Every structure is written in C-alpha cells, then in structure tokens.
Amino acid sequence: MANQLSDQDVLKLAKLSQLTIKSEELEVFKKDINEVLNLVSMLDEVDVTDIKPTNQVTGLENITRSDESIKYSYSDDLFHNAVKFEDGYLVVPKIINEN
Amino acid sequence: MSWTDFVTIEDLVQAIKNQQLTVKSIIEQVFEQIEQTRSFQVLLTDFKKEAFEQANLIDNKIRLQQPLGRLAGVPFIVKDNFLTFNQTTTAASHMLENFVAPYQATSVTKLINEDAILIGKANLDAYAHGSSTENSDFFTTKNPYDKNRVPGGSSGGSAAAIALNIVPFALGTDTGGSIRLPASFCNQVGFKPSYGLVSRSGVVAMASSLDCIGPITRNVKDASLILDIIAGQDQLDSTTISRDQVGYVVVNSSDRKITRKAKIGVISDYLIDGIDQKVKNNFLNKVELLKKAGFQVEDVTVPLIKYALGVYYIICPAEISSNLSRYDGLRYGYHQINVNDFETSIEMSRSNGFGREAKRRIMIGTYVLSSGYYDAYYKKAQQVRTKLIDNFKKLFKTYDFLIGPTVPILPFKIGEKNSDPIAMYLTDVMTVSANLVGIPAISLPAGMIDGLPTGFQVMADSQVDKKLLAFSAEIEELIK
C-alpha cells in the first residue's frame, strides 16, 4: 500500500508547489493524488538493486556551441508579454517591506 | 479541383507546380471547410488574412517560375503548443490565453521555409496533459466519426483537422501517446519519431525527457515527407540527434522490399487484460493478414511493460512540475492583479492560471521529487525505466518491429472519464513505453469497429525511423 496523504500533507504540497487550494477543492485533490500514488506503487515489486537510473535516452554528453551573442531583431517583443515593463526592467510587486 | 483529389502531398505539390490548381483556390477551400466544420471545435485560432497573403506570394512565384519549396502551397495546422511568431500560443490554457510568441518553433520555421502555409492552431488538452481534449481550458473537440465522443488527446484538434479534410497534415506533440492516440481515434496516421530527432525548440515544454514532435497525416508517405523536412540537429535544442544520411521519404518499391524479410513481434502483454475484446479481435485479425502476406510474426513478451504506466506517472509529473515552475505571472502568462505581496502574487497567478489537471500533476511531481520521497519514487522510476529500456533493446536484437494495438479501447464518450483521472491515464497504457524508451512508434488506421476507428501500433529501435516508415507504408493498405 502506498503512502496516503492527509489534508495537511496536501496543503503543504500545494504551498511547496506555489499553489493555493480552496477548501472545497481539498477533498478532490487529496483523493486524486492518493489514487495516483496507489497506481504508481506497482513499482514496489520491482527489484532495482545495482540498476543505474535513466535521466535521458540519447546518450549525448556535453553538447556545446560557441559562446557568441547573436543579434535578435525582435528584442522588444520578448517583453511585450510582461505585465509591466519600464526603462528596460520588469516591474514586480514589492518583496521587502519598508520597516 | 480540390486538394483532396490528390492522395499524397507530393502529388498535390506537383499539381500546384503544374498550375492545375492555384494556391489561392486551395486556401479558399480550406477556409470554407473550416466554416463547414465549426461545430467540431477543432481550432483555437486561424490566420485567414496571412494565409491568403502567403498564397498570393506563392502563386506569383509559380507564375514567375521562381524556385519553389518542397511544400509549395500546402496548407497545414499546428497544435497550439507550438510557438508561431507574433501570434497567440495558448497551449489551450488560461495561463497563456493572451501570450503572443516572440519567436517561433524550429519545426514550424522549417515547414514555412518550404513554402507550406500555416492555417491555424489546433485545440489540445491544456499543456498537453490528457487523452481527450477535455482538459482544454476553452472547449472540447468532437470526434469526426461521432460527435458525442472524444477525438483523443492531447493532439486531438490536430488529428480531427486531418479527419475533417481541413488540411493534409498537422503537427502534434507526443509525450506519452499524444500523437498516436488521437490519430487512432480519428482514423489517421500518427508518427512519433525517435527522441531527439525533431527539435523541441519553441514548443511549450511538458516532460523534457519524453517530449517528441511529429506529424499527423492521411498516409505514411506524407508522414515520411514531413519528417524529412523537420528532422535534424538544432543548435537551439542540445538534445537533438543527427538525421539519417539517406533521409526519411518513403520512395518506392526498393525501400519496401527490405521489409519483406522483417521479423515482427506481437507484444502479447498488451492482449491479456484491460483491453476491449473487439479491439483485441480486430488486432488479431490484422496479425493474421500479415502472416498470410508472408511476414514472419511471433508472439513476444516484455516482462517490465506492465510497469511502464507506473514509471510514466512518476517521471512525467516530476518533469512537468519542474517545467511549469517557470510560470510566475510576472514575465508572461496570467497575472493576478491587485495583489501587493510578491509571493501571494505568484501563488494567486498560478492557482487561477492553471487548470485542475496541471495543478494535480504539479503537486504529484513536487511530491515525488521532494527530499524524503525522491529515492522511493523518482529514482526508483528512473531505475525501472532502465530495465524497461533493456527489455526493448534485447527484443530488437531479434525482431525488427514490435506491434500491438495503439489504444486498448474505442473512442469514448465526452464526459465518460473526465472525473476519474486514473481511468483517463489507463488509455495511455500501450503508448507510454515508446516515450520512456525513446524509440519511434507509429499508429496506423486499422479499420472500423461499430463505426468507430481503431489503431495499429508499430515500434522500432531507436533511430530506425526510416525503416519503420517503409514497413508501415507497406502494410498500411493491408490492415486498413
């Protein structure tokens, strides 16, 4: 049997995920996440002693290209999706309080 | 004369070059068909004005006998998770509802450089999370064969666009079956290339070690032509691999002769349980046809394949949670206004911008990657992935191709599974392995059952894409 998450676990997980969950959503998320954890617990029966983990399948290593700047003709377009943009900077809500 | 009169894209391009029909007339037909099929809710956006401008340019080139691209005048559609320059790219999510792409996917640029004409962007499950398009934050696409059923997903709009004769080809993305499953449900050819063969640059990332880009077409020959154009290394995607020297286009009978001697393995693990008996019987009938045609076909088992879905639903959400962590609502994407605190601003933007499925996957991914559970879930899944890869590599020493059905069930009714994530996840059970192993896989139309389409999947070893396409071209008429 897989780990089962409690209400508190799910709320903590949401916080770690930078998400907020409404109280009426909590039960559904808890149920869904626990069902998925049950599904993947099938892996418990597989012996993986001395097996190397696979991160990627191509086997490519250290793919580099020369570090040269390339003129991009649409630089301004990169910023037109930002909420607020002033003098070449993104404007974001305050992080530090004045006092 | 209509573009649909031509069986292959190659024939269509030849006719355009011979001035049998103008590109303008093709684009007129395309937009007429878009109007006729509105009720299927296939497209999120279309580019009528730009398409006619492009058509005009190409018609002029033809008149002036200037050099033409290999897809001169051929209309196409991409899934709306491909960035197209200066046009909205939503990934069918509220998060990116107003996002205007500041650059373009490499694959789209390659097609446009060959004078193909981009018509519009197709619906999908938001962020490509799903198997039905029901997770789209905007609307659900309807199956062209039965409006009460789903077209499959996540590239459901792309597959439906081909089935509805809107355009001859579309691009989709396939992370766990998202090209092959909708191709199967919509009776089209859907091809997922070897991992790394097509650049992922400019495509909204889902799970980076699994994501592949490929075509949905009416036939295998067209799929091979589109792959030939989009495949190859790209400086903007360091995971790309080099292309086959001989290219990918399935040309003629000499290509096909090779495959007569091919040894084929039937993945018998797929036929044990969890499969609709009608789908199973239909598949076994097709296997008999292959045997009668002289192919060597044997049953094989892949011992680890029953764990593939478990591996997938750890690795995929883990990579999703990482890729979606970039959405903070500040640089781009949905932004929650009137929040003065930095952290709350990000939390609120993410909570209101992401749909339920994205949130579920982000949280599962965050859980399996958290320090206390990393070894038990994420690392374990990566280790089982290694064993699964070994299973396949071993089989490919003996067998050229492995076959099975694409999806264990027929297209299901809209609403039937969308409140049950596990039932939805189980539809991917036969497709996820190819992504985990990184091998090419194709879904071919395999006839109708009770008026609904079903698919036939063929897999080959990594970078054997050309041979897989040649073999598929040989059997596609036989199993239809």
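I began with B:Glu476, which sits in helix α16 of chain B, a helix running over residues 465–479. The model is a predicted one, and I read every value below with that in mind.

Next I asked what the side chain of B:Glu476 does reach. It comes to 3.2 Å from the backbone nitrogen of B:Val220. I then listed the contacts of B:Glu476, leaving aside neighbours within four places in sequence: B:Val189, B:Asn219, B:Val220 and B:Lys221.

Is B:Lys466 buried or exposed? I recorded a relative accessible area of 13% for B:Lys466; the limit for buried is under 20%, so this lysine counts as buried. I also checked B:Lys466 against B:Gly214: the two are 252 residues apart along the chain, and their C-alpha atoms are separated by 14 Å.

I turned to helix α4 of chain B, residues 106–113. Which of its residues are buried? I noted B:Thr106, B:Ser107, B:Val108 and B:Leu111. The cover over these buried residues includes β2 (75–79), β4 (169–174), β6 (212–217) and α7 (220–230) of chain B. Just after α4(B), I noted a positive phi of about 70° at B:Asp115.

Last, I looked at where chain A and chain B meet. I recorded 53 residues from chain A and 68 residues from chain B in the contact. The area buried between the two chains is about 5300 Å², and carbon and sulfur atoms give 67% of it.

I then went through the polar terms between the chains. I noted 20 residue pairs in polar contact, both residues being at pLDDT 80 or more. The salt bridges between chain A and chain B number 3. I looked up the one that joins B:Glu347 to A:Lys15, at 2.7 Å from N to O.

On the side of chain A that touches chain B, α1 (7–16) and α2 (23–40) of chain A are the elements that give two or more residues. α2(A) gives the most, with 10 residues. Sorted by class, I have 33 nonpolar, 9 polar and 11 charged residues on that side of chain A.

Methods:
Residues are numbered from 1 along each chain as its sequence is written. Chains are lettered from A and ligands numbered from 1 in the order in which they are written. Side-chain values use heavy atoms; hydrogens and water are left out. Contact means heavy atoms within 4.5 Å. Buried area is the accessible area (1.4 Å probe) that two parts lose on being put together, summed over both. A salt bridge is a side-chain nitrogen of Lys or Arg within 4 Å of a carboxyl oxygen of Asp or Glu. A polar contact is a pair of N or O atoms within 3.5 Å; within protein, one must be able to donate a hydrogen and the other to accept it, and residues adjacent in sequence count only if both atoms are side-chain atoms. Helices (H or I, at least four residues) and strands (E, at least two) are DSSP runs, numbered from the N terminus. Ala, Val, Leu, Ile, Met, Phe, Trp, Tyr, Cys and Pro count as nonpolar, Asp, Glu, Lys and Arg as charged, and the others, Gly among them, as polar. Buried means under 20% relative accessible area, exposed over 50%, partly exposed in between (1.4 Å probe, protein chains only).
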